[in-house]
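The paragraphs below go through a predicted model.

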Amino acid sequence: LVVPRVWANGDVNFDSVWGAMLALGVASTFKWSEAMFAAADVTEPYLQPSADAGLIGGIMFLSFVPLVWMFVFGALSALVVSAESCATPQEERRARAYALMLSRVDEEAPY
């Protein structure tokens with residue numbers, strides 16, 4: 001009994017621009033290991049994958065993931081800092097009065 005076999009690309013591949021964008025989007029989430037293992041198995045165009053044939057694909061994922069997370073954490077920290085700096089005028093007046101009080105205490109304190 002002979003069954004015809006067809007080799008097809010996986011869900012995540014770099015064969016087109018949209019496929020590459022999807023692969024990088026998957027890499028930036030928590031499901032990046034499956035895409036990394038698929039990229040590490042790449043041999044040459046139109047040849048079937050072989051286990052751990054191209055380590056450059058795996059290295060690319062291992063360098064891309066920390067860079068993406070550094071960008072995400074930087075953006076989140078900038079968002080938190082900008083949200084904290086949006087003070088109401090009443091809070092600003094209170095902060096100025098407190099700073100003025102501290103400067104007077106410094107001037108009166110004997111050293």
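Trp 18 is exposed, because its relative accessible area is 67% and the cut-off for exposed is over 50%. This residue lies in helix 1, which spans residues 17–27. Together with Val 17 and Met 21, Trp 18 makes a nonpolar surface patch of about 400 Å². In soluble globular proteins, nonpolar side chains tend to be buried together.

Of the 111 residues, 14% are buried. The secondary structure consists of four helices and zero strands, so the order from the N terminus is α-α-α-α. Among contacts between residues at least 6 apart in sequence, 38% join residues at least 24 apart.

Where do nonpolar residues come together in a core? The largest nonpolar core has five residues: Ala 27, Ala 35, Met 36, Ala 39 and Phe 61. Helix 2, residues 32–40, gives the most to this core, with three residues. Phe 61 touches the other core members Ala 27, Ala 35, Met 36 and Ala 39. Leaving aside residues up to four places away in sequence, the contacts of Phe 61 also include Phe 14, Ala 23, Trp 32 and Pro 66.

Gly 57 is in helix 3, residues 55–84. Is this glycine buried or exposed? Gly 57 is buried, because its relative accessible area is 17% and buried means under 20%.

Key: Residues are numbered from 1 along each chain as its sequence is written. This is a predicted model: local features need pLDDT of at least 70, side-chain atom pairs count only at pLDDT 80 or more; totals for chains, interfaces and linings use all residues. Side-chain values use heavy atoms; hydrogens and water are left out. A nonpolar core is a set of buried Ala, Val, Leu, Ile, Met, Phe, Trp, Tyr and Cys residues joined through side-chain atoms within 4.5 Å. Buried means under 20% relative accessible area, exposed over 50%, partly exposed in between (1.4 Å probe, protein chains only). Helices (H or I, at least four residues) and strands (E, at least two) are DSSP runs, numbered from the N terminus. Contact means heavy atoms within 4.5 Å. Patches are made of residues with over 30% relative accessible area and no salt bridge: like charges are joined within 9 Å, nonpolar side chains (Val, Leu, Ile, Met, Phe, Trp, Tyr) within 5 Å. Accessible areas come from the Shrake-Rupley method with a 1.4 Å probe; for residues, only the protein chains shown count as cover. A salt bridge is a side-chain nitrogen of Lys or Arg within 4 Å of a carboxyl oxygen of Asp or Glu.
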